[in-house]
Amino acid sequence: MKSKEKAAGGGGGGGGGARGLAGQGTTYGTRAMFDESQKRRRCKHLVLYLERHDGETQSKILEGVKTELADLGITSRELRHWQKKEDKAIAEREKKQQQANLAAAAFFDPIQA
């Protein structure tokens, strides 16, 4: 391959399939999509971590990471949003588990069901 082609990002060779595609979507999406996905992931995992602690401890934890959250662009509103989503998901999982327990009880002891 000529050096002009190489400088333009063209041609074969291994690795870096997204090279030369700055600003364009790739198989893995755009940078903005990646950043938003990371933000959602961080919010979700922080909310799950905070659930293990009482309200006072949660406040202390959030105060301790306030600067980091601001740097990442994560607001308390977004954390509340994810808290609601996780609460709903937990309730749905508990409901499914109760239904499965009832079905199992009926299967193993059909007389009492």
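How many aromatic pairs does the structure hold? The structure holds 1. Before looking at that pair, a word on the model itself. This is a predicted model, where local features need pLDDT of at least 70, side-chain atom pairs count only at pLDDT 80 or more, and totals for chains, interfaces and linings use all residues. Residues are numbered from 1 along each chain as its sequence is written, and side-chain values use heavy atoms, with hydrogens and water left out.

Helices (H or I, at least four residues) and strands (E, at least two) are DSSP runs, numbered from the N terminus. Of the 113 residues, 12% count as buried. Among contacts between residues at least 6 apart in sequence, 57% join residues at least 24 apart, a contact being heavy atoms within 4.5 Å.

Helix α5 takes up residues 76-108, and its 33 residues should span 48 Å at 1.5 Å a residue. The end C-alpha atoms are 47 Å apart, which agrees. The expected span used here is 1.5 Å times one less than the number of residues. The buried residues of α5 are L79, W82 and E86, and they pack against α2 (31-50), α3 (55-64) and α4 (66-72). W82 also has K85 lying over the face of its ring, at 5.3 Å from the ring centre. A charge sits over a ring if NZ of Lys or CZ of Arg is within 6 Å of the ring centre and within 35 degrees of the ring normal.

What about charges that end up buried? E86, in helix α5, is buried yet has no salt bridge. The nearest side chain of opposite charge is K44, 4.2 Å away. Lys and Arg count as positive and Asp and Glu as negative, while His and the chain ends are not counted. A salt bridge is a side-chain nitrogen of Lys or Arg within 4 Å of a carboxyl oxygen of Asp or Glu. Leaving aside neighbours within four places in sequence, E86 is in contact with K44, V47, L48 and E51.

V47 is found in helix α2 and is buried, with a relative accessible area of 1%. Not counting residues up to four places away in sequence, V47 touches L79, W82, Q83 and E86. V47 and H81 are 34 residues apart in sequence, and 9.7 Å apart in space, C-alpha to C-alpha. Also in helix α2 is H45, which counts as partly exposed at 46% relative accessibility. H45 and L79 are likewise 34 residues apart in sequence, with 10.0 Å from C-alpha to C-alpha.

As for salt bridges, the structure holds 4. One of them joins the side chains of E78 and K39 (3.0 Å, N to O). This pair links distant parts of the chain, with E78 in helix α5 and K39 in helix α2, 39 residues apart. E78 is partly exposed, with a relative accessible area of 23%, whereas K39 is buried, at 19%.

Another salt bridge brings together the side chains of D35 and R31 (3.0 Å, N to O). Both residues lie in helix α2, 4 residues apart, about one turn of the helix. An α-helix has 3.6 residues a turn, so residues three or four places apart point the same way. D35 counts as partly exposed at 35% relative accessibility, and R31 is exposed at 60%. E63 forms a salt bridge with K66 as well, the closest N and O atoms being 3.3 Å apart. Of these two, E63 counts as exposed at 52% relative accessibility, and K66 is partly exposed, with a relative accessible area of 48%.

Key: Phe/Tyr/Trp six-rings, centres within 6.5 Å; stacked < 30°, edge-to-face > 60°. Buried < 20%, exposed > 50% of the residue type's maximum accessible area, 1.4 Å probe, protein only.
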